[in-house]
Amino acid sequence: MISRTRNYDLHLVIVLMSLAAAVISSFGVGSALLADAGEISVDMLMTRPDTLGDYMNSPLAVVFNLSLLAAGACLLLAMVAVFHTYQDGLSRYLAMMGGIVGASIILMGVFPINFLDIHRKVSTLYLFSSIVLHCVCVLDYFKPGSTMNKRMLAFTIMALFSGGLLLLLLDWNLLDFPECSAYMPQYCGVPLAMWSLTQANILWCVCLSFHMMKAIKAQQKVVYKWLENY
């Protein structure tokens, strides 16, 4: 009974922290993007997400960077709970990679694009850890008792596609990406891939939260049956 209560508490932490990470990051990124663009349009997708944390040029850089700090901390806590909930090696490796993603998000909030050299290193860490995390997610999906579901797998594939594109475009000497062409900015793949990876990670967190809610309901049914028999 104590073990079931502990698992219930851990599942609840995963639900709350993963959902909080998604909500906080969506609010911070969305408000900073809207303030920077001035209006809602397709051209917003041509703005690189990391430029929204520029204290010199982005009007809501403080909100953006604080949201990264909070969202990264929530994701890190959620992954700690996942690590202690699932005992198999693959799930724990998934939790560790998710924790690195959360830590890299925190560091991007601490070191925005104004600290260019450090920001390039932590953003590259975010890119690599995100790709490795979602590779592990694919493997985890096919194991018995997976922490993944079909919706999470769909966003995992989306993240792998956009992350792979960013790896191809990455300048390994600078740890940065080439600037968009001044003649055809509408064909720039860097910001589109960045937004795709960002949204895939946010929606992955939302799906993780809902998936854990189902686990909590299943646990509650078991507890109720145990109490009835007792």
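Modeller: The residues that line the largest pocket comprise 26 nonpolar, nine polar and four charged. Here Ala, Val, Leu, Ile, Met, Phe, Trp, Tyr, Cys and Pro are nonpolar, Asp, Glu, Lys and Arg charged, and the others, including Gly, polar. The model is predicted, with local features requiring pLDDT of at least 70 and side-chain atom pairs pLDDT 80 or more, while totals for chains, interfaces and linings use all residues. Numbering starts from 1 along each chain as its sequence is written, and side-chain values use heavy atoms, without hydrogens or water.

Biologist: How is such space found, and how much of it lies in the largest pocket?

Modeller: On a 1 Å grid over the protein atoms alone, a pocket is an open set of points with protein on both sides within 12 Å along at least five of seven lines, a cavity is a set where a 1.4 Å probe fits but cannot get out, and lining residues have an atom within 4 Å of a point. Points are joined across faces, edges and corners, and the volume is the space filled by probe spheres set on them. The largest pocket holds about 630 Å³. It is lined by 39 residues, of which Pro49, Leu68, Met108, Tyr126 and Thr198 are the closest to its centre. Two or more lining residues come from each of α1 (2-37), α2, α3, α4 and α6, with the largest share, eight residues, from α4. These labels number DSSP runs from the N terminus (helices: H or I, at least four residues; strands: E, at least two).

Biologist: How many cavities of 30 Å³ or more does a search of the whole structure find?

Modeller: The search finds one. The largest cavity contains about 50 Å³ of space. Among its lining residues are Met79, Tyr86, Met148, Trp204 and Met212. Both α2 (61-85) and α6 (189-229) supply at least two lining residues, and α6 gives the largest share, three. Nine of the lining residues are nonpolar, one is polar and none is charged.

Biologist: At what angle do α3 and α4 pack?

Modeller: Packed helices are described by the angle and the distance between their axes. Axes are lines fitted to C-alpha atoms, for helices over the stretch in contact, and angles between N-to-C directions run from 0 to 180 degrees. Helices α3 (residues 89-110) and α4 (residues 116-141) have axes 8 Å apart at about 155°. They are therefore roughly antiparallel (over 145 degrees; under 35 is roughly parallel, 65 to 115 roughly perpendicular, the rest oblique). Their contact has 17 nonpolar, seven polar and one charged residues.

Biologist: Which angle do the axes of α2 and α3 make where they cross?

Modeller: The axes of α2 and α3 cross at roughly 165° and come within 7 Å, so α2 and α3 are also roughly antiparallel to each other. The contact of α2 with α3 divides into 16 nonpolar, seven polar and one charged residues.
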